[in-house]
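Dear colleague,

I am handing over a structure that you have not worked with before, and my notes on what was found in it follow below. Please read them with the model open beside you.

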Amino acid sequence: MRILVFLWLLFLLLCSVLFRIDIALVSGECLGDSRLCLEHEKSLLLQLKNSLTFKPNVSVKLVTWNESVTCCSWGGVTWDSNGLVVSLDLSSELISGGFNSSSRLFSLQHLQSLNLANNSFNYSQIPSGFDKLGNLTYLNLSDGCFSGQIPIEISHLTRLATIDLSSIYYLTGIRKLKLENPNLRMLVQNLKELRELHLNGVNISAQGKEWCQALSSSVPKLQVLSLSSCHLSGPIHSSLEKLQSISKIRLSDNNFTAPVPEFLGNFSNLTQLKLSSCGLKGTFPEKIFQVPTLQILDLSNNRLLEGSLPEFPQNGSLDSLVLTDTNFSGKVPDSIGNLKRLTRIELARCNFSGPIPNSMANLTQLVYLDLSANKFSGTLPSFSLSQNLTQINLSHNNLEGRIPFHWEQYVNLTILDLRYNSLRGSLPPSLFSLPSLEKIQLANNQFSGQFNIFLKASSSILNTLDLGSNNLEGPVPVSVFKLRGLSTLDLSSNKFNGTLELSRFQKLENLTSLSLSYNNLSIIASGNDSIPSKLPNFTTLKLASCKLRTLPDLSSQSRLNYLDLSENQIHGEMPNWIWKMGDLSHLNLSHNLLEDLQEPVSNLSRLSILDLHSNQLHGLIPTPPHLSSYVDYSNNSFNSSIPIDIGTYMSFTIFFSLSKNNITGIIPTSICKASYLQVLDFSDNALSGEIPLCLIENEVLVVLNLRRNKFSGIISGEFPVNCHLQTLDLNGNLLRGKIPKSLDNCKDLEVLNLGNNQMNDVFPCSLKNTSNLRVLVLRANKFHGHIGCPKSNSTWAMLQIVDLAYNKFSGTLPEKCFSTWTAMMVSEDEVQSKLKRLNFGVLLLSQLYYQDTVTVTSKGLEMELVKVLTIFTSIDFSDNNFEGDIPEVLGKFTSLYALNLSHNGFTGQIPSSLGQLRQLESLDLSQNNLSGKIPIELVSLTFLSVLNLSFNQLEGSIPTGSQFLTFSAASFEGNKRLCGQLLNISCPSPDASPPSEDTTFEDKEEFDWEFIITGLGFGVGAGMIVAPLAFWKKGRKWFNKHVDRFLLVILPAVGLIYTNYNAGRVEAEETIGIELTGITREYDDSEDDSNEDEDQTFRGRFCVFCSKLDIGMKKAIHDPKCTCHDSPPISSSSSSSSSYSS
């Protein structure tokens, strides 16, 4: 027996020598195709497993590597016919360590494919042992959480056809892989067989010519180039055109800042081109659209890239077209219907216009359609053949008409978004019966009619229903409460009516966001004590203007984040439970009747937006919550001083308002600690002292409003070089001194209001850099000198309101300066195209704005424009010492609404060019030295409702016309040589003969002594009365008072109406677009007299400003007939103001 064994071993040895047969020990375990795995290879794998750090409970492959399982069943391992490991796939095994240069993996020298993707190697470096795996053709280390330099050893793998070292971790800003030494050229210089290169997220940091030439000279067979987010620079070099085998180009998220090269259209095999977020600019080559093999084109997020869609050929290959956030424009061609393979169209936020082609109905493979935020018009096309559609987004366009009535075929539709269009009609019932529909967003349209259409509400999977800002009416349908999967319900700003108990929503257990604001609903919040605990767990609850009389008990709402109960009738104290809502970040209780807060507001530690304005809160000013960004306490009855440490609570505050309270004292210096403050409004209080230096030197403030207080002293400090002020309103204080020269640093300034102070300075020519200035009010100060600014380059092209009245300016009006005020020269059509209000977006995502507001004088009245439209323009230079001719250039101010040059020393004729001011509604040239005739061109001013040419030296006939016949004789009095029907003075006939020469000399020498003596007596008597009144102020005041009383009693008794000219104040309702509050009769006396009479009452008549916007808020309309009203006795005031809205 021993001999037989010996002979057998000798035979094997002889065979190995003679026939060179390799003999090795094998496991003896059978592979699936009768192959064996070598014991040595198996041992290496087990050693590799033991060295790696992974979690066995989540592992799928490594856990199968053990002696008890046949090697053919080991996960991720591929053996060849010789029992060698040729492929190893350990992707997604959550390996976190144990992979280094000494790893047993590098002993598997027959490996041809290695995949370690989607693991977590804790930002370790890629090991340097890859040069030992010379047979590798496929290497994938993507998303393995590696970092640092890519080792040079990988460049020795000359057989590589595919390499993928991509990482998604660059999205988080965490450390990433880089190619510095070696760089890209060194990495690929030996990889002549490379077909696919994936280095997404690797920091290559190379210029266009450098990386393009590195690839074109080293990898001629390259088919897939994927270098997204590699810090590549442009432009893309022409050397890349050598890679004629290229089929997929993915270069998104780089910084090329260059046009798209046209040679990309020469790649005949191109199937994918992804260049999103690359800073591309210029015009996109139309040639690329024509590449017949192109399937995916993604140019999204290149705002400077322009282009248009070409005519598409029949049966094109395009599958996905993504142009979102580019500047593509024009119409979408009908030929887009030829792209039968299209599954995805994304053209959102471009500049496309015209109708959506009906040919899109032919796109039967379409799955995703997003045309939102363009200028598409016309009706909504039918996509009846696109039954695979899952998402339709056509929001923020100009679509109109009715939406299709039948939606039954869209069985796969999950999201429908048609918000912000002009769609009308009723809502189709079939829309709400779609089995897959999850979101319906139809807000901000014109849908109308009853809303009672849920046919299969109980089986619906709908989670979002947004119908806000439409014209839907009737009661809230019962079927809404059967939508058990609903999480968001918005029915706000409609015409729903009836009474609705809040407790009815307890059936919607998944509801987290509910908005019923601004309807005709009466919400009943009260009920039995068990109701509050059964309400859904809201995160957002909006019940503004819902006729609530009491606060609903929301004490169990632990997740509430957004609460809006504004514009209701809630009175009394704030309940204690509201201060215990730990997640509350937005609280709006404005426009109610609340009186007391009970507990400190600062208890709401996470509160960001707190709006309590327009209540009846009183007492001490509450300190803001520490994390608050928006705090509004305005229009209440707080009567304390500002807490001395208030700034320590405002570390994150952006908006803070205490306006319209009864606050006294000074502004504490702790306000300087509010380093993020952009809007500060302390107007309409009784604050005193000097303005804190830090508010002037603040680099963050955008709006500073301290009007109508008692601040004194000078404006001290220097406005910073990087000043961001847009509004500076210090009107109605006791400030003196000069305008700081450093105000010129505020280049974004739009509103400068220094009126009604005691400042003594020249015209602010130094504001030459404030090219955005729209409102300049210097009214009622002691400014003096010329306003021409001959040495200044200021243009003020945006200026629309200028008020220099009641100062001591002198000299002539500078025609050259006026010619640069181009905002007053635009035509009505241009004005309407740019219609907007002056405001500042405080928190844009929360739609909170600060709205600038200015008081102007027009038609002898002061009007407070609470919402200043950019279409409103006015000039008031009254009560100064101007002289010379009125400049002809004023006739170019075609958008001017009010012009007041009264109480000056202007001479010469009234310019006929004023007849071109077609928008003019108020013209006051009284109390000057104007001469000549009234220009006949003024008759064409059909909107003119107030005209005052009195007390000049005008002559001739008053022009006749439909508009001039509406003016009273007072408009022309004090012009001795004027005549006409309005003055009841006949004008001499042009052909009247001169006095006859036959009159004897004797007749001329005759005197009527009776008339002379009578006249002399009246003259002496009148002089004895008038002279004391002219020089004795108190006597004149006493005389005017008693004469007024006499006439007010006598004249009404005989059916006449007496109008005096004392100052007075009335209130008027807000018109659409221009809000009039505080209309005040202008003074006729001097500044000193007006100050003495400011407490007298007005018992006359006033006229309401006749300009407003139409109901569509798009076009200015005018009423040439100015309605006059009797006004009650109210104290006068003169001011300028600002306001805010949310």
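Asn 900 sits in strand S64, which covers residues 898-900; helices (H or I, at least four residues) and strands (E, at least two) are DSSP runs numbered from the N terminus. Its side chain and that of Ser 902 are joined by a polar contact of 2.7 Å, a term that stands for a pair of N or O atoms within 3.5 Å, where within protein one must be able to donate a hydrogen and the other to accept it, and where residues adjacent in sequence count only if both atoms are side-chain atoms. Not counting residues up to four places away in sequence, Asn 900 touches Ile 875, Asp 876, Phe 877, Ser 878 and Asp 924, contact being defined as heavy atoms within 4.5 Å.

Before going further, please keep in mind that this is a predicted model, in which local features need pLDDT of at least 70 and side-chain atom pairs count only at pLDDT 80 or more, while totals for chains, interfaces and linings use all residues. Residues are numbered from 1 along each chain as its sequence is written, and side-chain values use heavy atoms, with hydrogens and water left out.

As for the chain as a whole, 52% of its 1142 residues count as buried, and it holds 13 helices and 77 strands. Among contacts between residues at least 6 apart in sequence, 56% join residues at least 24 apart. The average pLDDT is 82, and 77% of the residues score at least 70, pLDDT being the predictor's confidence in each residue, from 0 to 100. Over residues 842-846 the pLDDT is below 50, although this stretch has 14 contacts in the model beyond near neighbours in sequence; residues 865-869 also have a pLDDT below 50, with 36 such contacts. Where pLDDT is low, the predicted coordinates should not be read in detail.

The largest nonpolar core has 264 residues, of which Leu 88, Phe 130, Ile 154, Trp 211, Leu 227, Trp 821 and Phe 877 touch the most other members; such a core is a set of buried Ala, Val, Leu, Ile, Met, Phe, Trp, Tyr and Cys residues joined through side-chain atoms within 4.5 Å. Helix H2 (residues 39-51) gives the largest share of this core, four residues. Phe 877, leaving aside residues up to four places away in sequence, has a list of contacts that includes Trp 821, Asn 900 and Ser 902. Trp 211 is one of the buried residues of helix H4 (residues 208-218), and the buried residues of H4 pack against helix H3 (184-188), strand S10 (196-198) and strand S11 (224-226).

Gly 144, in the loop between strand S6 (138-140) and strand S7 (148-149), counts as buried at 2% relative accessibility, and its C-alpha is 5.4 Å from that of Ala 117, although the two are 27 residues apart in sequence. Asn 781, in the loop between strand S54 (775-777) and strand S55 (784-785), is buried as well, with a relative accessible area of 2%. Polar atoms of the Asn 781 side chain lie 3.3 Å from the backbone nitrogen of Asn 757 and 3.2 Å from the backbone oxygen of Leu 778.

Some backbone geometry deserves a careful look, given that most residues other than glycine have a negative phi, and most peptide bonds are trans. The peptide bond from Asn 181 to Pro 182 is cis, with omega near 10°, and Pro 182 is found in the loop between strand S9 (177-178) and H3. The bond from Gly 234 to Pro 235 is cis too, with omega near 0°. His 591, which is not a glycine, has a positive phi of about 55° and is partly exposed, with a relative accessible area of 36%. Ser 614, likewise not a glycine, has a positive phi of about 60°, but is buried, with a relative accessible area of 12%.

With best regards

Terms used: Buried < 20%, exposed > 50% of the residue type's maximum accessible area, 1.4 Å probe, protein only.
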